[in-house]
Amino acid sequence: MTESYPSFTPFFLANPFIRNAPTFLVARICHQAMATMHHRYRPVFERIAEQEAFALLISPTDLDLQFYLKIDADHPELRPARHGEEETIAAQISGPLPALLELLQGSSDGDALFFSRTLRIEGRTELVVALRNALDGESIDLRSAVAESFGVMGPAAKVALGLAEKIYRQLQHDMNRTADALTSPTATRLLGLEKRTSAQAATMAEIEKTIQRRNRHTRVKPSGTAKDDFALPANP
Amino acid sequence: MELVCPAGTPASLHAAVAAGADVVYCGFRDATNARNFPGLNFSRAELRDAVEHAHKHGVHVYLACNTYPQAGAEEIWHKAVDDAVAIGIDAIILADIGLLRYARDRHPDARLHLSVQASASNEEAIRFYHQEFGVRRVVLPRVLSLDEIRTLNQRIQVETEVFAFGGMCVMAEGRCSLSSYATGESPNMNGVCSPAAHVHYEERGDATVSRLGNFTINIYDSDEKVGYPTLCKGRFRAMDKSGYLFEEPTSLDVTAILPELADAGVSALKIEGRQRGKAYISQVVGAFRASLDKIAKGQHDARSKLSTLSEGQSDTTGAYRRNWQ
Amino acid sequence: MTRSRLVMGPVLFHWDESRKIDFYNRIADETDVDTVHVGEVVCAKRMPFFDKHLPDVIERLQRAGKEVVLSTLALVMNEREVNQLRDIAQMPGLLIEANDVSIVRLLAGQTHMIGPYINTYNEGTFSYFADKGAKRIALPWELPMSSIAKLCNVRKAVEIEVQVFGRIPLAISARCYSARAHGLHKDGCRYVCSEHQDGMDVETLDETPFLAVNGLQTLSYHYTELSDHIAQMQDTGVSAFRLSPHSLNMTKVSDLYRQVLAHETSPEELRHHLNEMHFPMSFADGFLHGVPGAEFRQTLDQRAE
């Protein structure tokens, strides 16, 4: 599936830690989080998995880590994704973690995130839509869910979480400023060039595939379609 | 003007009530409503709770039962009407003539509204539904201009409701088989348009290709905003040109012309989007509530703050301005 | 078995006057068609061009023994158009096809037919129109065979009609897409829709043929071709079969379908002859099978995945 460019969010800074964190620890946290979610929000799972159980690949673009999410009314599963698992995945959702978390809590509109291209969906779109709709139908309170995950440490975890959120917001603010500074004309051009070269390679590969796939389509328009020949002059 | 707001889930209904809706409309979780999307809509029990919650806050609830019953399976639609009446819904929104007759005969006291899916676009059509089935309000198709609406309201005895915000059909509603031509499923028969199960996105180099069934609906450059591949909002080729032949992926926003709509005799404003999340509902309903309250005080701010919620993130007043045609 | 009714539907395209007159004359003189539709269905702006010829055309068709049906507008949007409907409803001795419910009320009490632009999807709606005096009901294009069969069960004396040939009307709008493709608004359209005698072809960006634009109307690119199912429809109770006029030789086309209706030729033979007419056509019958309308399945047993 797609290779995305990392999103510049505070979570991006967590990458060195995540890369070095023992897999079992990440897996354990995921497992615990899912058990809590399933316990607290069982109707969500029932609503989505009404017809079938399925698996999604969640790709936070600001983390060096992808998650395997299995939606099943009775046995849902969340864990770090493994290599070679693509075959079993019905769809992939990519986007910066803050956007994914907002989506989870229904505090941001999924369609709006998608229209602005913050989130990308590949594969069976209807399953992602079903997930989104079901999540939106519950009032998911991530903060108390996380607190509950830590069991007896509940109140302490809440305080820690509140502190973490405060630091996160401060970081986000600083990073946005850094990002603004970075997007000087030179930087933009260099980044753009690099991006274009790799994109062109991908385009070539895609063109070859397309030509093989269908003989009648000799001309392919991979891009440059941005214009709209049918647009009429604006309102007088 | 009454503010009629969508709810695809109980959480959205609560959001709409909290944000200042006068009415919330919703549908049962089956093919009887025109937003028959996965994971969406209400069970009987959920609707009962929803009505109770809304009524407690002085808000009305309408049920959209606005697809065309399938031959041989009309009982499903009949049952939806019966259950809605039993639950104590404030109005039922219908499109099919057979179903309107059923509702009128079985529940003579029920308040019936004509769905936009019936595409009643002129006074004789409206008079027909009024006389034959006692319809008390008509949701006007999104093909009429402001002047046409004004004239219409002077000539008919029923209330009119118009679309104020959200996705916009460019074709006359209830008269469109584009979706089933590409996917086998249509708004009229299945309550879906360009259904997600037939949608695929492909990355083609830097571009994103959106496909519906076997047809490419759009190709987006990397710097473009991606839209859902609703068939009539796609880019196509004709006469050696390419682009948005039918409609740009814009959404309707009448904030700028609210006073004109009120002046044209419109009774209710409808917000589209039962498939959108509760975040959307809160923001849109809240913004329209504020605008309407201002107008009631004799003030009007024509600027809308809702553009990030729109498809393609751009807005139009659509067919209300005649030059749209 | 009673003879099936072969119907020539209304001309959907904005052909010039002489082409249209010539078309109707040939249908009157050279075909075994039982019923011929006249009248503008798509765009009120086109009406003035041909209205003046209508009385002569109708008279000539009737003299040739054809039943003439006056088809009405599918999308009626303003007072002027409503007034035209009121005038039409007053016309004596003509069978009127209602394509919008606005005229249904005006036609109450007189013999009329319900056109395919009106949503007759189920028994309840069908029976309503039957009770109100509809003599024939042309079914919407989207209906699968299973629904058609259900409606046939409740038809009583009402004739059921299905379109078996021609591009399928898929949508109608207040906006003119022919004008838009030419960079014009509807109000100043210069009647550019007349440039495309069978509709303007629309392709996807990948150059897959998809749709055809005819002014306010959007049609399928594919031509519906249901001859494989005609025998089954006849057995089920469909009694009228509509051909939608295109710029190819419709005399020949109607001869071919008459032969299929009479079981004198096979669907393969019919398609072989259609293909020999050197008119670019690809066929579809998906709606009848309940699958995407653009597909061509031929046999009814094949179902979608």
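How many of the 10 residues of helix α1 (residues 10-19) of chain B are buried?

1. Eight of the 10 residues of α1(B) are buried, and the helix is mostly covered. A residue is called buried if 20 or more other C-beta atoms lie within 10 Å of its own, exposed if 12 or fewer, and partly exposed in between, with C-beta atoms placed from the backbone. Helices (H or I, at least four residues) and strands (E, at least two) are DSSP runs, numbered from the N terminus.

2. This is a predicted model, in which local features need pLDDT of at least 70 and side-chain atom pairs count only at pLDDT 80 or more, while totals for chains, interfaces and linings use all residues. Residues are numbered from 1 along each chain as its sequence is written, and chains are lettered from A and ligands numbered from 1 in the order in which they are written.

3. The buried residues of α1(B) include P10(B), L13(B), A16(B) and V17(B). Their cover includes α6 (125-136) of chain A, together with β1 (2-6), β2 (23-26), α2 (44-56) and α10 (278-296) of chain B. Just after this helix, G20(B) takes a positive phi of about 110°.

4. Helix α4 (residues 97-106) of chain B has among its buried residues I97(B), L100(B) and Y102(B). The buried residues of α4(B) pack against elements of chain B, including α3 (74-87) and α5 (123-133), and also against α6 (123-131) of chain C.

5. The contact between chains B and C takes 57 residues from chain B and 59 residues from chain C; two residues are in contact if their C-beta atoms, placed from the backbone, lie within 7 Å. Strand β11 (residues 236-238) of chain B pairs with strand β8 (residues 200-204) of chain C in the antiparallel sense, over two bridges. Pairing requires that DSSP finds at least two bridges between the strands. Within this pair, R237(B) has E203(C) as its bridge partner.

6. An unreviewed UniProt entry annotates C43(C), C176(C), C189(C) and C193(C) as "binding site". These residues span 151 residues in sequence, yet no two of their C-alpha atoms are more than 11.7 Å apart, so they gather at one spot. Such annotations may be inferred rather than shown by experiment.

7. C43(C) lies in the loop between β2 (35-38) and α2 (47-51) of chain C, and C176(C) in the loop between β7 (159-172) and α8 (177-181) of chain C. C43(C) is buried, with 23 other C-beta atoms within 10 Å; C176(C) is buried, with 25. Leaving aside neighbours within four places in sequence, C43(C) is in contact with G215(C) and L216(C). With residues up to four places away likewise not counted, C176(C) touches Q325(B), K186(C), C189(C), G215(C) and L216(C).
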